[in-house]
Amino acid sequence: EVMAQELSAPSYWKNERGSELFIWSANNGAIQGTFTNHAQGFACQGIPYPASGAIGPTGLYFVVTFAQCNSFTRWVGKTNGSQMPASWMLFYVDKNGKPSKLKGADIFTRVW
Ligand code: BTN
């Protein structure tokens with residue numbers, strides 16, 4: 001079976017904000033791992049949260065719920081050798097209680 005997107009597991013990735021993604025399985029297209037946020041300007045730092053998602057022929061996505069922050073982020077990207085550029089959307093509740101979104105992009109680099 002050809003899997004155009006390869007994501008070997010276990011693998012360990014770091015993004016340009018210093019956040020860490022550890023993928024412990026990528027079986028049958030399903031991704032399971034942990035994500036630890038270290039990005040400046042964001043809350044819920046230094047805590048490993050479960051990450052889950054899927055990988056297919058054209059790309060991958062994964063979602064992390066930051067339980068203590070009442071927020072979650074979805075990344076959608078593509079592996080390209082040891083790089084994984086991914087755009088993200090952070091869903092959170094603002095200080096007035098309004099559900100809100102923030103978007104951005106990260107580049108993950110494979111460390112091992
Ligand atoms: C929050 O502040 O509500 C939880 C932490 C969010 C961290 C975001 S997820 C997208 C971006 N990339 C990172 O590595 N960290 C921030």
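## Around the ligand and into the core

User: In this predicted model, which strand gives the most residues to the shell around the ligand?

Analyst: Happy to start there! Strands β6 (71-77), β7 (83-93) and β8 (99-110) each supply at least two residues of that shell. The strand that gives the most, with three residues, is β7.

User: How do the residues of that shell divide into nonpolar, polar and charged?

Analyst: There are 17 residues around the ligand, and those that come nearest are Ser19, Ala39, Phe42, Cys69 and Ser71. By type, the shell divides into nine nonpolar, six polar and two charged residues.

User: Let's turn to Phe62. Is Phe62 buried or exposed?

Analyst: Phe62 lies in strand β5, which covers residues 59-66. A residue counts as buried if 20 or more other C-beta atoms lie within 10 Å of its own. Phe62 has 24 other C-beta atoms within 10 Å, so Phe62 is buried.

User: Which residues have the most contacts inside the largest nonpolar core?

Analyst: That core has 16 residues. The elements that give two or more residues to it are β2 (20-27), β3 (30-36), β4 (48-56), β5 and β7. Inside the core, the residues with the most contacts are Leu7, Leu21, Ile31 and Phe62.

Notes:
Residues are numbered from 1 along each chain as its sequence is written. This is a predicted model: local features need pLDDT of at least 70, side-chain atom pairs count only at pLDDT 80 or more; totals for chains, interfaces and linings use all residues. A residue is near a molecule or strand if its C-beta atom, placed from the backbone, lies within 6 Å of it. Helices (H or I, at least four residues) and strands (E, at least two) are DSSP runs, numbered from the N terminus. Ala, Val, Leu, Ile, Met, Phe, Trp, Tyr, Cys and Pro count as nonpolar, Asp, Glu, Lys and Arg as charged, and the others, Gly among them, as polar. A residue is buried if 20 or more other C-beta atoms lie within 10 Å of its own, exposed if 12 or fewer, and partly exposed in between; C-beta atoms are placed from the backbone. A nonpolar core is a set of buried Ala, Val, Leu, Ile, Met, Phe, Trp, Tyr and Cys residues joined through C-beta atoms within 7 Å.
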